[in-house]
Amino acid sequence: MLITLVALLAASVVAVPLSRRAGFGSVLGYLVAGVAIGPGGLGVVHDVGQIAGIAGLGVVMLLFLIGLEVRPQRLWVMRRAVFGLGAAQLLLTGAALALLAHRAGVSWQGAAVLGAGLAMSSTAIVLPMLAERDLLTSRAGRDGFAVLLFQDLAFIPLVAAVPLLASGASLPHSADQLPWLHVARAAAAVIAILIGGRYLVRPMFRAIGGAQTAELFTTLALLIVAGTAALAHAAGLSMSLGAFMAGVLLSNSEYRHELQADIAPFEGLLLGFFFISVGMQANLHFAAAHARELIAAVAVLVAVKAGIAFVLALIARQDRANAVRFALALPQGSEFSFILFATASALGLLDGGRAALATLAIAASMMVTPILFAVAERLLIPHLEREEEAPVFEPIAAPPAPVIICGFGRVGQIVGRVLTMHGIPFTALERDPGQVEVVRRFGAKVYFGDPARADVLRAAGAEQATLLVVALDDTETTLKVVEVARHAFPALRLLVRARNRRHAHRLMDRGVTDPVRDTFHSALFMARQVLGALDVPEEDAARSVALFRAHDEKQLRAAHAIYRDEKKMIQSVKEAAEELTQLFEDDQTGRAEEQERRKRGRGKSGADPAAPEPPRPAGEKPV
């Protein structure tokens with residue numbers, strides 16, 4: 001085991017940096033490392049099954065961490081993408097691949113299994129590949145995640161349906177073969193995870209003292225991940241689906257950040273081992289003996305899946321660049337397909353040769369996908385983004401104004417109204433034609449234009465303007481506007497709306513020294529009203545809010561240098577909370593001492609030393 005561990009770590013250290021330096025990402029490096037040290041390569045490691053079983057926890061932890069980032073309300077918002085786009089991708093791709101397999105001589109039962117299995121994509125491949133390029137929040141990343149989530153949900157019905165395709169499955173001989181029992185077990189497991197995550201987990205964390213007991217907290221976090229995965233697996237569900245559900249249930253908990261920090265190191269290491277184990281399973285001797293069939297199978301698999309995904313992305317109104325990303329992120333097979341094919345092979349739906357070829361095609365597609373995606377990102381995507389037809393913006397006929405407002409929604413309109421009260425002219429740019437039409441009905445003068453384009457800003461008078469107010473909703477567009485304005489109009493002063501702290505830090509990266517956070521000032525105003533409603537004196541409420549505001553703005557700037565390091569950020573937040581508590585205590589102590597001095601002064605002189613002096617007779621000099 002020690003030699004195996006050394007081989008795994010050494011192969012990762014050598015292959016992954018080379019792959020990333022070549023622009024292909026980490027996943028390909030891990031897969032190549034697995035091929036190199038596996039039984040088909042140098043033969044350093046032989047017990048692939050044991051490694052794959054342990055490394056599979058990496059996928060489980062990955063889904064748990066993704067669940068922590070996905071709020072339940074966000075899942076509800078994504079329901080159309082999950083059940084619409086996800087179902088369309090699985091059904092259309094599965095039907096097309098099944099038809100091709102049947103025409104190649106596979107029985108229709110076996111072809112149905114091959115189509116369903118090959119239509120699924122690898123969550124463990126796609127999400128890290130998109131995350132490395134900061135594309136998870138793009139349209140392609142969001143839709144890709146929705147498709148993968150639907151596939152995870154569909155996995156158990158697919159596995160339960162495989163026995164029905166076998167000969168005689170329509171008349172089961174025992175109760176264990178009844179698919180409704182599998183469904184009942186799955187439903188019971190889902191209910192248990194939901195109840196446990198809702199009512200048991202938080203009390204358990206409180207019972208051990210929360211994050212103050214670091215080793216127990218980490219142990220309990222790993223227990224939750226492994227326990228939910230084991231419960232789901234025992235019910236026939238995907239282990240990663242169980243972990244994902246647990247993550248979603250904890251996404252609103254106060255322990256979310258600590259859980260992320262504790263699980264992330266284990267997830268990264270085990271996920272790398274998972275990819276290595278996939279590479280180890282590649283049967284190079286079988287591949288060499290069936291090279292033509294393997295190449296043809298991989299080419300058909302990638303072409304069919306990418307083609308259907310591209311068409312669906314266009315139907316979903318993605319632009320061409322995101323449609324290509326979406327299509328090239330999903331053409332590989334899934335780790336779940338191995339289980340599906342093994343079940344079908346055991347039931348006689350697939351013979352050993354076809355099952356081996358399909359398994360090898362999946363492994364090969366996992367290796368091809370990062371290469372195709374990297375080549376497209378380097379050569380094709382920039383060309384498509386330049387060629388994207390920009391909307392025809394209307395000419396701006398207004399004379400140059402001292403202020404340009406980018407985005408005339410809720411924030412931009414308030415700024416515009418206040419400027420109008422002072423008689424200060426401004427030019428408003430809005431990229432949503434519907435919003436332009438609505439605002440114009442009420443007499444406001446706003447132009448349809450994209451403020452992220454230098455020519456549009458120039459037409460709006462950016463060269464003569466004094467101030468550019470960026471009040472856009474979309475964070476990425478805001479960043480692009482700032483970059484364009486900084487480069488094309490360096491003398492133009494910027495006031496920029498930030499949606500949250502991370503957005504504020506990203507704006508500070510681009511030279512915006514004082515971003516205006518979306519809800520910060522309204523939250524401070526509300527906090528002051530809350531204190532007033534609780535009969536806190538107005539002076540004390542104003543002082544507390546001012547103290548908090550100064551401390552928070554100071555902490556925002558202090559955290560800018562480390563905001564990309566999650567561990568340091570978590571530590572910084574904890575230290576800032578302790579510092580704020582101490583700051584309030586010191587302020588309270590100082591005020592109490594000041595009041596005590598005033599009381600002693602009144603006791604000695606009979607008058608309040610802070611009170612104003614009584615008027616003196618004319619001509620009398622003060623003592």
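A nonpolar core is a set of buried Ala, Val, Leu, Ile, Met, Phe, Trp, Tyr and Cys residues joined through side-chain atoms within 4.5 Å. I note that the model I examined is predicted.

**Entry 1: cores.** I looked up the largest nonpolar core and found that it has 111 residues. Phe 64, Leu 259 and Phe 275 have the most contacts inside this core. Helix H3, residues 48-69, gives the most to it, with twelve residues. Apart from this core I found another, of 28 residues, which includes Tyr 447 and Leu 507. I then listed what Leu 259 touches beyond its neighbours up to four places away in sequence; Phe 64, Phe 205 and Leu 250 are among them.

**Entry 2: surface.** I located a nonpolar patch on the surface formed by Ile 191, Ile 195, Tyr 199, Leu 200, Met 204 and Leu 223. Together these residues have about 610 Å² of accessible area. Helix H9, residues 179-199, gives the most to the patch, with three residues. Met 204 is found in helix H10, and I recorded it as partly exposed because its relative accessibility is 35%.

**Entry 3: salt bridges.** I searched the whole structure and found 16 salt bridges. In one of them, Arg 139 meets Asp 143 at 3.0 Å, N to O. Both residues lie in helix H8, four residues apart, about one turn of the helix. Arg 139 is partly exposed at 28%, whereas Asp 143 is buried at 7%.

I also examined Glu 476 and Arg 506, whose closest N and O atoms are 3.0 Å apart. This pair links distant parts of the chain, helix H22 and helix H23, 30 residues apart. Finally, I noted a network of salt bridges that links Asp 473, Arg 497, Arg 499 and Asp 518.

Key:
Residues numbered from 1 in each chain as written. Predicted model: local features only at pLDDT ≥ 70, side-chain atom pairs only at ≥ 80, totals over all residues. Heavy atoms only, no water. Buried < 20%, exposed > 50% of the residue type's maximum accessible area, 1.4 Å probe, protein only. Helix = DSSP H or I, 4+ residues; strand = E, 2+ residues; numbered from the N terminus. Contact = heavy atoms within 4.5 Å. Patch = residues over 30% accessible without salt bridge, like charges linked within 9 Å, V, L, I, M, F, W, Y side chains within 5 Å. Areas by Shrake-Rupley, 256 points an atom, 1.4 Å probe, with all protein chains shown as cover. Salt bridge = Lys/Arg side-chain N within 4 Å of Asp/Glu carboxyl O.
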